[in-house]
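Hi everyone, thanks for coming. Please have a look at the chain on the screen, and then we'll walk through it together.

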Amino acid sequence: MQVQYSSPAVPDELKRYFEQAHIALALAGVGDDNPLLLVNEPFYKLTGYAAPEVIGRNCRLLQGDTENPEARGKIHAFLEGDAVNAVRTTILNVRKDGQPFVNLLYMSKLRALSGEVRFLFASQFDVSRSQPELLAAYDAELSRTLSRLRPSLAESGIVLEGSLKAIANTVATVAQAKLTLADLDGTGFP
């Protein structure tokens, strides 16, 4: 599946990067409900949603009917101003087929050299039934992704904000995901 996008404003370097990435990535526009502009094959494999089903929609469609008050609060704080450059949080999401999963969401702002936020960059990872070593491998791949992405963005005059300081403790994240799943199993969530 090719990466699909709806905005010619997305730099070609960024489009190519998404095509080559091995982890789930999404790119959203700013304003007007932050519509998705770009997703990749790993995003589809994780969520079950193909690009044509999500492009132009807000990524909150993955939340289904779940509430996620703590995660939503962190995401809103990230979106609402310049005080928070990046966010990393677990959030309960639902795949297209209705199966819940605990998503370790990383979001960062991509800014023009002028300081204007141009895009919202996100990476997703299913920590629901993950082993700590798989999450550690994901963290390493996300770190490499961000390191490789910075020069590509710089060619287009875009700066990636935030850093991996937002990455939480791997073992604690997996433990929290397992607690969330145990809670779900107890409520009879499909």
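Let's begin with a question: in the hairpin of E5 and E6, which residue takes a positive phi? It is Gly115, with a phi near 100°, and the hairpin has four residues between the strands.

A word on what you are looking at. This is a predicted model, where local features need pLDDT of at least 70 and side-chain atom pairs count only at pLDDT 80 or more, while totals for chains, interfaces and linings use all residues. Residues are numbered from 1 along each chain as its sequence is written, and side-chain values use heavy atoms, leaving out hydrogens and water.

Now the overview. Of the 190 residues, 49% count as buried, meaning under 20% relative accessible area with a 1.4 Å probe, protein chains only.

Eight of its ten residues are buried, so E6 is largely enclosed by the rest of the structure. E6 has partners, too; two strands pair if DSSP finds at least two bridges between them. Strand E5 (residues 100-112) runs antiparallel to E6, with nine bridges, and Leu104 stands opposite Phe125. Strand E2 (residues 24-28) is also antiparallel to E6, joined by five bridges. There, Leu27 stands opposite Phe121.

Keep Phe121 in mind. There is one aromatic pair, where rings of Phe, Tyr and Trp (its six-membered ring) pair if their centres lie within 6.5 Å; planes under 30 degrees apart count as stacked, over 60 as edge-to-face and the rest as tilted. The rings of Phe18 and Phe121 have centres 6.3 Å apart and planes at 90°, so this pair is edge-to-face. It links distant parts of the chain, since Phe18 sits in helix H1 (residues 12-20) and Phe121 in strand E6, 103 residues apart. Phe18 is buried, with a relative accessible area of 0%, and Phe121 is buried with 0% as well.

Finally, a loop. Between helix H3 (51-54) and helix H4 (69-80) we find Thr66. Is Thr66 buried or exposed? Thr66 is buried, at a relative accessible area of 10%. A polar atom of its side chain lies 2.5 Å from the backbone oxygen of Gln63.

Note on methods:
Buried < 20%, exposed > 50% of the residue type's maximum accessible area, 1.4 Å probe, protein only. Polar contact = N/O pair within 3.5 Å; in protein donor to acceptor, adjacent residues only side chain to side chain.
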